[in-house]
Protein chains: 2
Amino acid sequence: MIRVKFIPENIEINCDYGDNLLEVARKADVFIDAPCNGNVSCGKCKVKLIKGKVDTKKTYHIKDEEWNEGYILACNSKVIEDIEIEVPSKLSSSMDKMKIEDLSTERDKQIFQRTKKLLIDNNMKLKSYVRKDYIEIDIPNLDDNISDWDRIKRHLRNYLGYTKVFCRLQMLRKIPHILRQSNFKVTITHIPRGNDRTTIVNMEEGDTTNRLYGVALDIGTTSVAACLVDLYKGELIAKASSGNAQIKYGADVINRIIYSTKKDGLDQLNRAIIHETINPLLNKMCKDSGVDKNEIIAFVCAGNTTMSHLLLGVYPDYLRLEPYIPTFLKAPFIKASELELDINPETFLYIVPSVASYVGGDITAGVLASGIWASDENVLFIDLGTNGEIVFGNKDYLMTCACSAGPAFEGGEISCGMRAASGAIEKVKIDRDTFKPNLKIIGDTKPEGICGSGIIDLIAEMMIIGIIDRRGKINKNINSRRIRFDEHGIGEYVIAFKEDYDLEKDITITEVDIDSFIRAKGAVYSGASTLIESLGMDFSVIDKVYIAGGIGNSLDIEKSIIIGLLPDIDRNKFSYVGNSSLMGCYLTLMSEDARYKLEECSNAMTYVELSVYPSYMDEFVSACFLPHTNIENFPTVKKILEV
Amino acid sequence: MIRVKFIPENIEINCDYGDNLLEVARKADVFIDAPCNGNVSCGKCKVKLIKGKVDTKKTYHIKDEEWNEGYILACNSKVIEDIEIEVPSKLSSSMDKMKIEDLSTERDKQIFQRTKKLLIDNNMKLKSYVRKDYIEIDIPNLDDNISDWDRIKRHLRNYLGYTKVFCRLQMLRKIPHILRQSNFKVTITHIPRGNDRTTIVNMEEGDTTNRLYGVALDIGTTSVAACLVDLYKGELIAKASSGNAQIKYGADVINRIIYSTKKDGLDQLNRAIIHETINPLLNKMCKDSGVDKNEIIAFVCAGNTTMSHLLLGVYPDYLRLEPYIPTFLKAPFIKASELELDINPETFLYIVPSVASYVGGDITAGVLASGIWASDENVLFIDLGTNGEIVFGNKDYLMTCACSAGPAFEGGEISCGMRAASGAIEKVKIDRDTFKPNLKIIGDTKPEGICGSGIIDLIAEMMIIGIIDRRGKINKNINSRRIRFDEHGIGEYVIAFKEDYDLEKDITITEVDIDSFIRAKGAVYSGASTLIESLGMDFSVIDKVYIAGGIGNSLDIEKSIIIGLLPDIDRNKFSYVGNSSLMGCYLTLMSEDARYKLEECSNAMTYVELSVYPSYMDEFVSACFLPHTNIENFPTVKKILEV
C-alpha cells in the first residue's frame, strides 16, 4: 500500500505499486486537466513532484528547466513509493471559474431579449409543456362516493376537457392526504399531450399556480450553463454555470467516449455530469432564488450527441466507430428520479433531439433560438464550442455538418491554452516595433493562459506583423527575446514573461500550438464552404452569419477573418448570438409551440457528411494556411498583407 | 433496557419498560396471530409466560386453568422485566401451512379446464398484453446510418405496423450492446395499445419468443396464491401459496387499515405483502420451474380494495371512514421495480380494477373467471373469503354488494378457529347417541383447531341433533361430558379432548363462537337476499350458485343450507368454483381479449350499498338464527328439523 498526497488541497489516498498517477488522482477526486485523456499527447496533466520518486519519462512537453524543478506528466508516471504531488492551482480551480455568459452584460441582455422576441414575432403561446391548474373538486358524500382518482378525472373531463388522464404511483400515493388536507381544493401539475390527454405529475394544496419553475440547461463538452425560469411570469430568476466535471476524463467527446469503454467509465462519466456538475448548479440556483427544488418540475436540456448519451448513461462507443451510429437521437421522456437530478423527482425531462452523431441537440436548440427557420435570408450558423458545427439555411431548408475542430477554440490542445475563465488572455494586440503584446485578461488578474478568442487575436497579430508566415512558422530573422527556439528547433513566442507577472513560468505559444489551431480553423472554414458548395452555392449568397458557442464574448470578427476562420464577406453580416443552445432550451421550456417548432427543425435539418464529399479534403488542406492557400478568397486580408 | 426472549424460535429483542408485548413481538418479527389487532377482543394472541412477570389482566378469553399455567394475552400485557415467552407453534407456523387449492386435485383440475374453456367458447385470442416478436433488423452502414432506436422504430413500422413506438431509459441503455452482440437479430418484448402503438420493455439476443412468462396472483386478506404461466404454450408451470404476512398486523381489512394509520404502519404492511409474501412466492416458483426471474415480464394480480391500496403503498384509511372513499379503483400501470417485486424490473403490472370500497379486484376477476358475463341464466356468485362479497346477474347485468362477514369463514374470531391449514378440522359428523364427533383433519394429523367448512358442519350437526337450539344456545338438558358451562354460565361443546389427541388443551366451541359465526352467515344470507330483492326478484329466479373463496374445498352445500348460510334451493344449482380470483388473473394474463372483458365487467358491475336499504337490517336480524327466523324460507330444513 502506497500513500499519495495531493497539495494544496491536502487530499490523501492509498494506491498500489505501479498505479498510474492520473488514475490515482481521479480516484481521489483531484482535478487534473487531461484533455487527451492520458495519451501523453497534450502535456496538460503536468504536476510537480514535491516528495518521493515516480517511474516516469521526460517528454517534449516538459522543458529541461521544468524537469529539474520536478515537473512530470501525471498520465506518464507510475507511483512506486509514497509521494507528495502539487497540482497547479489554476487547473484545479478552473472548472469553477469558467466565464460563461451570465446574461448580465449589455450584449447578453440584447441576445436574451432578441431570443424572447422570436416567440412573439411567431405567435407562440407562452405555455410550457408542463401546466398548472387550480381545481376545486366536489367533496365526496355517501351518494357521490366514487374514488378520489375517478373524482379527479371526472373534474378534469368536465371542466378542462381532458378525457384521458394518467398518473404515476408516487402521485397516486399523495392523493388521499392532499385532497383532504386542502378540502379538495388543489393545484395539479400536469403534462398535456394534445387537447384530450394529460398526465398529472404533482398535486399541491390550494392555489399554487403562480409557482411553476423550470430549468433550461446547456451541457457543453467543456462547460455547462443553466438558468432557472419562473414559468408563471416568464422570467429568468437564477443562472449558474461551471465547467463540465467530465473534463477530468478527457477534453473532447472522442476521449470521453474512449473513457466510457473502460471499466466503470460510463458510470463515472454519468456521475460526473449529474452529481458533480448539474446537481451543484441546480442547488446553487435554488439557493440563490429561494425556490424549493421540489417546485422545479420542468426541465429542458441540450447537448451534443455524446453528451446526451452520457447524461442518460447510454453507451456511446458506436458513435466513434464506423459507421458512427448513435443509440438515439430523440430520447424517450425520462423522469428526473431516474437520473437522480435534484429537482422534483416526477419531473419529465425533455432532452432536445440530436440530428446526427456529431450534430447534437445543442445545435437543434441553437437553430431554434437563432430563428433561421423563420428567416427569408440565407443564414450561416457556426457554433464554435469544443467542436465546430455548422448550419446553413433559411425558412425553406436547413443543412448541417460537423467539423472535427477539436477543443482548440476552448483552449484545448494548445500548450498555454485554457478555457475562457478568470486569468485567461482574451484579447491581444502586439506592438509593431517592440513585439510586446498588450493583453486583456478575464477578471483583470494576472495571466494564466490564453483562451480561444485570445488565440485568434494572437495568431492574427503575429501574422500581420510577420512574426509567423502564412504556414504558421515563426520567422527566424526577427531579433527579439520574445522569439526563441528549443533544442529541436521548434519556435515559440513569449506572450508573458514570468518575471513580469510573478508567474511560475513563461506563457508561450509554440509552432506546434499554432499548427493545431490552424487545423482547427481550417476544419471550420472548409466545413462551411463544403456545406454551401454542396448546394451549388458559394459564400456570396450568405446574408447573415451567426456565431455561437463557448469561444466567448470577446471574439473579434475582423481577426477571425484575417486568420481565415470566417469567410471574407461584409463584416456587418456577422453577429454573435451567445449560448444559443441555452437560449433554445429556454424557449423550449417557455412555450410548447416552440417545442413543436424545435422538433420540426430537428426533423427538417439535413445532415451532410463532409468526409464523403471528395472536394472536402482538398478544401481542408487549402484552408490549413493563413488565411488560405488561395488568398483571392480573402481580398481584404490580401490588402492588409500587401501593406 | 429489558430483554424479551421468544421460544421455540429463540428470538431475543430489547425493549423498554411498559412496551406492549404484541408490539414487541412484531418488532422482533415473531408471528403472533392477532386478528383483532390488539383490541383485546378476539383472544387469539394467547402466549405462555415461561420466565419473569408482565403487567397484564385476566380476560374472559383465558380460563382459570390456562391462567394458572401462565397464559396471557400478548396484546393485553406490558413488559416490565426480562421475560421468556412461548409462542404456540400452531400459530407461528400456520402461515406456511395454508392449504390453498394446488390445482392438483381432480376438482381443481376441472375448475382450471372449465376456466380455460371460457376463452375458447368466447373466441378470445390467446395473446397476452405483453408480446414477444423476433426481428431481424437491417445492419447499419455509412449510407444507412440512422440511430439504433430510429432503426428499431423503422423496422416495427414497416414490418409490424406500429407507427408509435415508445421505450424507457433502462431499455434504451440495453440497445447498443444487444443489437451488436446479436448481429441485429433480437427479440423484443413489448406492450401494444391498439394496433399502432407499442412500448418496448425488453430486448434479448436472438429468437427467444418461446420464453415468455407471466404471473397471476391473488392477494387475499388471509392467503395469497400465485401461478407462473408459460405464455408461449399457455401452460401453468408452477404454483405457490402462503398466508398473507400482513396477518400479524390484523386479521381483517379493518384492522389492517387501522394499523396503516400508525407510524410506519403503511410501510410495514406494504413490506409484509411484497417482501414477506409475494417475493418469496415468486422466488419459489422460479426455483421450481427453472425460469429466471428476469424472464417474468407479465404480471396480473387481484385483491380486495384494501389489499390493492396496501400493495401500492396507498393510504387506505378513507376506505374505513364515512363516506368510505377509495383512493383508486383502477390503478395506473406500474413498473415492477417501483414495488421492488422480484421479476423483470421493467414489467408493467396490471392490477385488476376494483368496483367499490368493499368489492375489490378479486371479485372482478372472479366474475370474469366464472363467466357470469356470458351467461343466459341468472347466477348468484358468493365469495366466502375473509369477507363475503356477492354478485348477482347474467350477460345483461351485474349487481354486487359486500357483507361485513368478518374473518369467520377462515376461522377468525372463533376461539378454536384456524385457517384451512394442516391440523384444521374440515369436516365433522356427530354421533346421534354418544355426541362424539367424527373428525376429518387436513393433513390427517392431530387436530389443532377448526376451519370454516368444519364450523359449518359442526353447527349444522349440533343443531340437527339438538345440542344447540335455533338461536345457537347450548341445551342444558343434555347429559354429556362434552357439554359444559363455565363460571359465567357460557356453554361450550368439546370437539376434542386433550387426552384423546395428546393436546395441550381441549378444542371446544363456545356459545360466543357460535354467535359470531351465526352473525357472519346471517350477513351473507341477508346480503344475497337484499341484493336480489333490490331487483324485485327472489331466490326462485336463481339458476346457478357459484361459491368461491378461501372457505375451501370441503364446503358442504347441504350443511350450509341447513345453517342458513345458503338459500334453500335445488342443490344441483350449486357449484364450487375455487379461487376464482386467481383464475380470473390467469385469464387476464393469457388473453388481452379477456383483459378487455374484465374491464368491461368492472365498469358494468353496479354496486349496491346494503346499509342504505331499509329492509337490510331486518333481513340481517332475521337471518341471525338457525337457519332463519322464518323457517318457511327453508322448507327442506324444516322437514329435517321436524323429523
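How many salt bridges does the rule find across the interface of chain B and chain A? The rule, which asks for a side-chain nitrogen of Lys or Arg within 4 Å of a carboxyl oxygen of Asp or Glu, finds zero. Before I go on, please keep in mind that this is a predicted model, in which local features need pLDDT of at least 70 and side-chain atom pairs count only at pLDDT 80 or more, while totals for chains, interfaces and linings use all residues. Residues are numbered from 1 along each chain as its sequence is written, chains are lettered from A and ligands numbered from 1 in the order in which they are written, and side-chain values use heavy atoms, with hydrogens and water left out.

Let me stay with the interface. In contact, meaning heavy atoms within 4.5 Å, are 39 residues of chain B and 38 residues of chain A. The area buried between the two chains, that is, the accessible area (1.4 Å probe) that they lose on being put together, summed over both, is about 3400 Å², and carbon and sulfur atoms give 65% of that area. On the side of chain B, the residues that lose the most area to chain A are B:Leu169, B:Ile325 and B:Thr327, together 16% of what that side buries.

Now to the symmetry. When the copies are superposed by least squares on the C-alpha atoms of residues with pLDDT of at least 70 in both, a rotation of 180° with 0.1 Å of shift along its axis brings chain B onto chain A, with an RMSD of 0.2 Å. That is the relation of a two-fold axis. B:Glu338 is the residue of chain B that comes closest to this rotation axis, at 5.6 Å (C-alpha).
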